[in-house]
Amino acid sequence: PPVTNTSSARQVVDSIAHMVTLVELDLEHFELNPSQPMQWPKQINGHIVPRMDAALILYDVTTEESIRQLPQTVAALTNSGLPAMLGACKCDSPEDDWEVNADELANYHLFKSCVGQYKISIDRPDISQACLQAVIRAAVTHRRDENNETVLRRRAQSAANLEAPDPSAGRPLSQHSKHSRASSDFSILRTFPSQQSGENYRTQASRSPRPGFRTDKSGSDSFLDIDESDSESHRYSDDIPILQRNDDVIIEKQPKLTGVTFEELVDRLLAPRLSRVDNNFSDIFLCLYRKFAAPGELFSAILVQLDKARDDKAAHYLTRTATQLRIIEVVAKWVSLYPGDFARPTTRRNLEDFIKHLSTEPIFAIAAQQMRRNLYFNVIEDDDTGWANSDDSSDEIASKILSKDMDELSAGIHALQFNGESDSLGGSENPSTDRGSRTGIQVQFNSYEEYEREATLLEPSDHLPMNKARYHIFMDISDDDFADELTRIDWIMFSSIRIRDFVRHVSLSAAQKDKCKSLQNVNRMISHFNHIAKWVANMILLRDKAKHRAQMLEKFMNIALGLRRLNNYNGLAAVLAGINGTAIHRLAQTRALVPAEVQKRFARLVILMGTQKSHFAYRLAWENSPLPRIPFIPLHRRDLVSAEEGSKTFVGPNDDRINWKKFEVLGEVLLPIMKSQGTAYPTLAKHEIARDLILGCRMPTDDEEIYQRSLQLESSASAPMEPSKKKFPWFAK
């Protein structure tokens, strides 16, 4: 099969959005026969090829060799009934260098069947865009012609006794009657430089057989997916003149069902991954499927698909094997990421049988070995096991499939030679989602459990009194050391949180949260955020003189800048919360002593983390920040709350269809967090003195008490200082 480039993009043509996939193929991959239809390859880059809807034939005007196979190509496309467009490339080169006259070529009788031709040049992007839109229009028309062949026959029967429109008029009667929309065929052809009769084009497309690949499949398997708004829905086809319309020729458009079925989601999960969107779908589906299905139900559905792939005798054994490997890879990824889903006895037993059967075949042995390792070491009951939809009864479907004679699991596989399979299969797992792939010079934890054990050691204590000595120790430590230590602490707490814990934290009730032990990691990070904010405020208020407070304030502003450079947005927001809190923000005398340049840099950070336009500046910075990075947890948690509470999980007349739009919104929040947890900070060294200052200071935590200390240092006219107030009330505690 050819190895080529494919790209997908959403294009808007005539106010309608189309998801279009372009496949680049070299004519050298085809055995062209002018008397036979075009035979498309069955696979590209190892993936099954859906049906084609149109062809854009590109040639180079500066070399005559590029048009050598054009006549055979156009003839084969014509026999296939596909619309073809000619594109003359490199037309921006001097005409003296041209070896092909594009205009004469387009008028040559062998290329009359093409729906148009465009002269493409690098300095005219508008022509390239027009060419692409013309091809999409032709593809849409071709698709509609095929889908409406049955309707066209009904039209002919119902209008047999009526007067036919005059073909010499050049367009249907709907335009003469000032109908709001012209015929779709003629509106398409008017955009093409090379004119052609719309009737001839329709006759050719409808009469010619289409031997292309997978013509019996539904439109969802094609390269061209059309999203039409309600305003584009019409009761009658535009090709029927108004005088010929009656109740017999009504096109009844089926109402579009909301949501998707569970079977459709499983099919998409196991389908070939053609883009990054498909990879993202796999990640978010495995994370969130428990909201609408139990692990046993998903495992049974996957085994059913694997069983069908095994028994598909019509497929080539290499294709059949590739399909099985793809499905097994999904199961291996599932077991690696969420082992708790298999902790219930029946599901665990079914997984054990599945691994045992895979071990009998060499090509599946490596995948079976990896899953067996995860089964023995990681599959234990945790918060995932009983969350949402869980396995409470035996799974008869999976047990029935696994009880079959698995000697037929991969018929014909023994005829293959498996040299180097372990390397190729071992590389099939997604390293970006494996916690064991993390590397770090100083932070060398490889699992959630190790991060969680370390995070429990980072609870605040109060064994260090706040005094002048503490001030001098703080000022002697460099800003970068504090930024590194704050980031190290935040990273450990952030990495101890499982991705599903973010979902559980916003979806479970208070009673259910108490039973969920892993949510302590989320609560710990939230508490640490509040601790840092109050620690910053107390450190600034430690000294009585304004010049000392200004030095402390300036240092924290520089620490905030260091946190921004490390992409630690959670620590940055905590420091800003302390500096911009009421107790510190009101210290006008202190702020006046901070250098203007430092305040200017700090103002940029305030704008970055500001709430304007729903935290627009932060969201933009977060999307464009390189790894490693730590998100601003409170904001992302708020986004999850909005998505969870703003939409229902099930929709449809009977609430039997899954509202996948809701999970796409959840995925937009969770996927960047997943990606961030996959790459650790490589050079964060532990700084014991800075850690003790951050976590061990004895300080007041009541906001009112902190504010009274601020009033004591810099009183205002409306709030005079109380003479009886002690300077450091927390010393007495």
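**How the helices pack**

Helices α18 and α30 lie roughly perpendicular to each other (a class for angles of 65 to 115 degrees). The model is a predicted one, in which local features need pLDDT of at least 70 and side-chain atom pairs count only at pLDDT 80 or more, while totals for chains, interfaces and linings use all residues. Residues are numbered from 1 along each chain as its sequence is written, and side-chain values use heavy atoms, with hydrogens and water left out.

The angle between α18 (residues 479-495) and α30 (residues 688-695) is about 65 degrees, and their axes, which are lines fitted to C-alpha atoms over the stretch in contact, are 9 Å apart. Helices here are DSSP runs (H or I, at least four residues), numbered from the N terminus. On the side of α18, the contact (heavy atoms within 4.5 Å) is made by Phe482, Glu485, Leu486, Arg488 and Ile489, and on the side of α30 by Ala690, Arg691, Leu693, Ile694 and Leu695. Sorted by class, this contact of α18 with α30 has 7 nonpolar, no polar and 3 charged residues.

The buried residues of α31 are Glu705, Ile706, Gln708, Arg709, Ser710, Leu711, Gln712 and Leu713, and they pack against α21 (519-540), α22 (546-565) and α24 (582-585). At the start of α31, a side-chain oxygen of Asp702 comes to within 3.2 Å of the backbone nitrogen of Glu704.

Helix α22 also packs with helix α23 (residues 569-579), at an angle of about 160 degrees and with their axes 8 Å apart. That angle makes α22 roughly antiparallel to α23 (a class for angles over 145 degrees). The residues in this contact are Leu553, Phe556, Met557, Ala560, Leu563 and Arg564 of α22, together with Tyr569, Gly571, Leu572, Val575 and Ile579 of α23. By class, the contact of α22 with α23 divides into 9 nonpolar residues, 1 polar and 1 charged, where Ala, Val, Leu, Ile, Met, Phe, Trp, Tyr, Cys and Pro count as nonpolar, Asp, Glu, Lys and Arg as charged, and the others, Gly among them, as polar.

Terms used. Axes are lines fitted to C-alpha atoms, for helices over the stretch in contact, and angles run from 0 to 180 degrees between N-to-C directions. Helices (H or I, at least four residues) and strands (E, at least two) are DSSP runs, numbered from the N terminus. Angles under 35 degrees count as roughly parallel, over 145 as roughly antiparallel, 65 to 115 as roughly perpendicular and the rest as oblique. Buried means under 20% relative accessible area, exposed over 50%, partly exposed in between (1.4 Å probe, protein chains only). A polar contact is a pair of N or O atoms within 3.5 Å; within protein, one must be able to donate a hydrogen and the other to accept it, and residues adjacent in sequence count only if both atoms are side-chain atoms.
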